[in-house]
Amino acid sequence: MDILNCQLINVGGRPYRVAGSAVAQHPARNKFSPVSYTAENDEEYDLDESSSFDVQQEDSQYVIRLAYDPEVFPHIIGQKGRTKLKVEQDTGASITIPMKTSTAPPGSREADVIVRAQTQAAAVSAATSLELLIENVLNSNKLEYSHFVSTPLNSIATQSAFERFKASILADSKASAAQIEESIFVSSKQLHFTVMMLKLYSEQKRHLAKQTLHSLLPVVQDIMQHQPIQVRLKGLEYMNDHPSAMHVAYLGVQDPVDQAGSVQKLQQLCTAMVDAHADAGLLLSRDERDVKLHATVLNTRHRQRARAKQSDTQSVDTSEAHQRNSQYDRSPFDG
């Protein structure tokens with residue numbers, strides 16, 4: 001392992017190198033994004049007072065409570081309980097996980113994963129192993145993104161314009177043959193720019209995300225100067241596909257004719273939000289990148305089938321729609 005060029009993660013107030021990982025500098029933001037890795041700690045853990053775990057002593061045992069959402073529990077347990085058992089065997093600690101039938105709300109003490117050990121070092125070692133394990137899971141595709149930060153685009157005027165745009169596409173005689181149906185369109189009430197995607201599987205992480213957003217208020221005021229930002233939604237574009245076999249379509253973003261620099265201001269706001277969440281440890285390294293401003297209007301993942309039980313993401317042919325709407329213009333939009 002190249003110890004000078006590998007990913008670092010912070011667990012319990014300590015930085016850890018991730019074995020088998022490497023990082024490459026991102027050209028756009030001078031940040032780093034990781035390639036795949038395994039969360040295997042390559043540094044020996046020496047207990048000292050710098051650990052940020054809240055270690056409590058109950059009777060003759062040392063106890064650490066870790067607040068995770070129930071979605072995380074199966075990954076701690078592992079197949080037939082092997083993952084949990086290995087951590088217990090390696091550290092000498094015991095791990096108690098709430099039952100599936102527990103009605104305790106996330107964030108309450110009854111919903112905590114509890115680590116118990118005869119020594120403080122063993123308790124901290126087990127808690128560190130669990131944190132490393134969860135970091136690995138979060139950086140994989142085993143857990144979906146739970147939250148996203150967005151800028152809404154749902155003014156009444158914009159909703160009306162979008163409904164007319166959608167109706168014009170659906171009214172085309174070729175729409176049905178091209179597999180274009182109403183269910184694959186985004187709701188006009190939910191039009192937005194996505195700023196970032198987050199995996200927040202604990203009450204602490206969600207609270208930190210709220211604090212991070214609130215802390216950005218001075219930055220927002222400085223960029224906006226107490227004036228709304230107007231942008232122009234123009235041009236139907238498609239993402240990573242050919243228009244004849246497309247899954248996602250979106251509207252591009254431009255400056256209004258009389259307001260140069262509006263998109264740049266919005267981009268500055270998005271960059272500030274991404275940087276703040278990355279600095280707070282809330283953003284996956286792979287998501288630390290420039291925000292591509294776009295308003296998704298169509299996604300085949302939303303397709304509804306009366307009989308289908310599994311996701312139907314059949315592509316659609318938007319060649320005609322793209323040709324007719326490549327210069328679609330919704331201007332201006334007050335953000």
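Colleague: What makes the lining of the second largest pocket divide into 13 nonpolar, eight polar and five charged residues?

Modeller: Ala, Val, Leu, Ile, Met, Phe, Trp, Tyr, Cys and Pro count as nonpolar, Asp, Glu, Lys and Arg as charged, and the others, Gly among them, as polar. Sorted in this way, the lining gives 13, eight and five. The model is predicted, so local features need pLDDT of at least 70 and side-chain atom pairs pLDDT 80 or more, whereas totals for linings use all residues. Residues are numbered from 1 along each chain, and side-chain values use heavy atoms, without hydrogens and water.

Colleague: How do you know which residues line this pocket?

Modeller: On a 1 Å grid over the protein atoms alone, a pocket is an open set of points where a 1.4 Å probe fits, with protein on both sides within 12 Å along at least five of seven lines; lining residues have an atom within 4 Å of a point. There are 26 such residues, and H192, T194, M197, H294 and T296 lie nearest the centre. β10 (192-198) and β13 (295-299) each give two or more residues, with the largest share, five, from β10.

Colleague: Why is the set that includes F193 and L293 called a nonpolar core?

Modeller: The name applies because its members are buried Ala, Val, Leu, Ile, Met, Phe, Trp, Tyr and Cys residues (under 20% relative accessible area, 1.4 Å probe, protein chains only) joined through side-chain atoms within 4.5 Å. This largest core has 44 residues, and α7 (262-279) gives the most, nine.

How values were computed:
Helix = DSSP H or I, 4+ residues; strand = E, 2+ residues; numbered from the N terminus. Buried < 20%, exposed > 50% of the residue type's maximum accessible area, 1.4 Å probe, protein only.
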